[in-house]
Amino acid sequence: MIESSCEIDTAAGKAVVPFRLRRSARNRYLRVSVRDTGEVILSVPASVSDAGALDFMRSQAEWLVRTLGRLPPRRRDIEEHLRAEPWLSLDGSRAHVMLDQSRLRTHWVADPKREEAIIRCVKDAQNSDDELAKALLEMARQFVPTRARQLAERHGLSIGSVRIRNQRTLWGSCTGDGNLSINWRIILLPPELHDHILLHELAHLTHMNHSRAFYAVLRRYDPDADRNDHRISKLSPIFMAMGR
């Protein structure tokens, strides 16, 4: 099969779609298919020209956009994520991350005031993603409880313990005693989403439910609560898969 790409027109504008061309005399019709991996296959009869094949691909633009949009997000490992988006949310602000190598052990140092963090991972570790997850868990345990208490104090609230855990689906939870349990992946999110999750749990100190009254409190704490909640819903499948 031949690898190529095609520019298509969509309702959101122009987009470039990579695809693989499968030409065969056994193909009786032009057909576009999308695999579970997101790979696009264009099957064409041997008699159809390249130009004709591309014209057909362009005619399927809206179907392609809908189909690709329904696919689950591709899993991204932690190292790939940090190299693409090299920052963490620490102490209410972004800290630039530098990934380095270590001969002895995986360790880290972070200085939010200087907006930087350095993570040194064991060179050529077979489980580098696990090592990074452990380092980030330690960082979250150092910085997230402090930030939670800062936000609680800002809104005149009192909280109990703040535990950092490795939940599979939840970003956080709050008990009736005011104890918080927060997912370590919170530090991978932008600062405004990091704080939104903490404020969401703090709002539960007033209402232990998701009633209108609860959301009224949350919007008072975070004026962009609706928008931030929508953003987190879209990002959750991607971030929850990291470190698994």
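1. Arg219 and Asp226 form a salt bridge, with their closest N and O atoms 3.1 Å apart. The term salt bridge is used where a side-chain nitrogen of Lys or Arg lies within 4 Å of a carboxyl oxygen of Asp or Glu. Arg219 is partly exposed, with a relative accessible area of 38%, and Asp226 is also partly exposed, at 48%. On this scale, buried means under 20% relative accessible area, exposed means over 50%, and partly exposed lies in between (1.4 Å probe, protein chains only).

2. The model is predicted: local features need pLDDT of at least 70 and side-chain atom pairs count only at pLDDT 80 or more, while totals for chains, interfaces and linings use all residues. Residues are numbered from 1 along each chain as its sequence is written, and side-chain values use heavy atoms, with hydrogens and water left out.

3. How many salt bridges does the structure hold? There are nine.

4. Two of the pairs sit within helices. Helices (H or I, at least four residues) and strands (E, at least two) are DSSP runs, numbered from the N terminus. Arg58 and Asp55 meet through their side chains in a salt bridge of 3.1 Å, N to O. These two are three residues apart in helix α1 (residues 50-59), so about one helical turn separates them. Arg58 is partly exposed at 39% relative accessibility, as is Asp55 at 49%.

5. In helix α3 (residues 78-84), Arg83 and Glu79 are four residues apart, which means a separation of about one helical turn. Their side chains also meet in a salt bridge, at 3.1 Å from N to O. Arg83 counts as exposed, at 53% relative accessibility, whereas Glu79 is partly exposed at 29%.

6. Which residues of helix α6 (residues 212-221) are buried? They are Phe214, Val217, Leu218 and Tyr221. Seen down the axis of α6, these buried residues fall within an arc of 100°, so they line one face of the helix. The arc is taken from the directions from the helix axis to the C-beta atoms. Arg212 and Arg220, on the other side of α6, are exposed. Among the elements covering the buried residues of α6 are α5 (191-203) and α7 (225-240).

7. An open sheet has three strands in the order β9-β11-β10, with mixed pairing. Its edge strands are β9 and β10 (172-174), each of which pairs on one side only. From one strand to the next, the twist averages 15°. Two strands pair if DSSP finds at least two bridges between them.

8. β9 (residues 162-165) runs parallel to β11 (residues 180-183), and four bridges join them. Ile164 stands opposite Ile182 in β11. β10 and β11 pair in the antiparallel sense over three bridges, and Cys174 stands opposite Leu180 in β11.

9. In a regular strand the side chains alternate between the two faces of the sheet. Strand β9 has Val162 and Ile164 on a covered face, with Arg163 and Arg165 on an uncovered one. Helix α4 (residues 128-154) lies across β9 and β11, at about 150° to β9. Axes are lines fitted to C-alpha atoms, for helices over the stretch in contact (heavy atoms within 4.5 Å). Angles run from 0 to 180 degrees between N-to-C directions.
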